[in-house]
Amino acid sequence: MKLLLALACASSLAFGYEFGEEVPEKVRQQVSNDLALMETFVGDQASALHTEIFGDLDGKTYLDWFKKRVTRIGLHECSPSGKPVACVIPWLGSSKIWLTKYYTEADRPMVSKMSTLFHESRHTEDENNNWMHAQCPKPFKNEKGEDIVSKLTGAKLEGQHACDRTPLGSYGSALILLKNISKFCTNCSEKVRMDAGIYADANLDRFIDKKAKAALIEDLYESDGE
């Protein structure tokens, strides 16, 4: 037990972050292992928005991008209402990511959890006002007239600060990351690429600015007829 904990801590420190004492060993191992696997990813190309945000589709580039922003990963409820999966709380330190039970207890694919970490790492950027979210409309429904809900928790998004007006913020950067992995990763398994595509597509409805949504569609979907 102690050896596994030491290995998880050593691995995380190699990436430039540390875990809070309250984070259980199982979560430390999962985060460290997921990020270590992501470091192996390579791709033969990347979309224009991906290049603008991350650079090449390259695992080492991803990890360098992450460790420049995140110094600590801890546990916090984030909000007394709603069902946040994770958060950044600037007044507690902008470089700290906080995970909730909807992250630690969820049985979700690896790439989904990794995208949450990268979503939150975008929120650490004080110079960009932490890429604050926009409030989703009331009502907030899809083209079929169905309530738009979080794929991660099932919570209704209407009225929540869970939408974006720019393709470069937290939802956009995570979507762009996932969709590029889905389309261009050359050494990912078929399941990883499939899961990446599913979770990328699930976030497209969160963009309530028509220009932002159109930019994402042009960058990631139109070229291959999706």
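## Strand pairing around β4

In strand β4, Trp 98 is the bridge partner of Gly 74. The model is predicted: local features need pLDDT of at least 70 and side-chain atom pairs count only at pLDDT 80 or more, while totals for chains, interfaces and linings use all residues. Residues are numbered from 1 along each chain as its sequence is written, and side-chain values use heavy atoms, with hydrogens and water left out.

Strand β2 (residues 72-75) runs parallel to β4 (residues 96-99), and four bridges join the two. Strand β3 (residues 86-87) runs antiparallel to β4, with two bridges between them. Trp 98 is also the bridge partner, in β4, of Cys 87. Two strands are taken as paired if DSSP finds at least two bridges between them. Strands (E, at least two residues) and helices (H or I, at least four) are DSSP runs, numbered from the N terminus.

## Disulfide count and pattern

The count comes to three disulfides, a disulfide being a pair of cysteine sulfur atoms within 2.5 Å. With bonded cysteines counted along the chain, the pattern is 1-2, 3-4, 5-6.

## Cys 78 and Cys 87

The sulfur atoms of Cys 78 and Cys 87 are 2.1 Å apart, and the two residues form a disulfide. This link is left-handed, with -85 degrees about the S-S bond. Cys 87, whose bridge partner in β4 is Trp 98, counts as buried because its relative accessibility is 12%. Buried means under 20% relative accessible area, exposed means over 50%, and partly exposed lies in between (1.4 Å probe, protein chains only).

## Cys 136 and Cys 163

A disulfide is also formed by Cys 136 and Cys 163, with their sulfur atoms 2.1 Å apart. The torsion about this S-S bond is about 110 degrees, so the disulfide of Cys 136 and Cys 163 is right-handed. The pair links distant parts of the chain, 27 residues apart: Cys 136 and Cys 163 both lie in the loop between α6 (110-122) and α7 (170-184).

Cys 136 counts as buried because its relative accessibility is 3%. Cys 163 has 0% relative accessibility and therefore counts as buried.

## Cys 185 and Cys 188

Cys 185 is joined to Cys 188 by a disulfide, with an S to S distance of 2.0 Å. The torsion about the S-S bond of Cys 185 and Cys 188 is about 80 degrees, so this disulfide is right-handed. Both Cys 185 and Cys 188 are buried.
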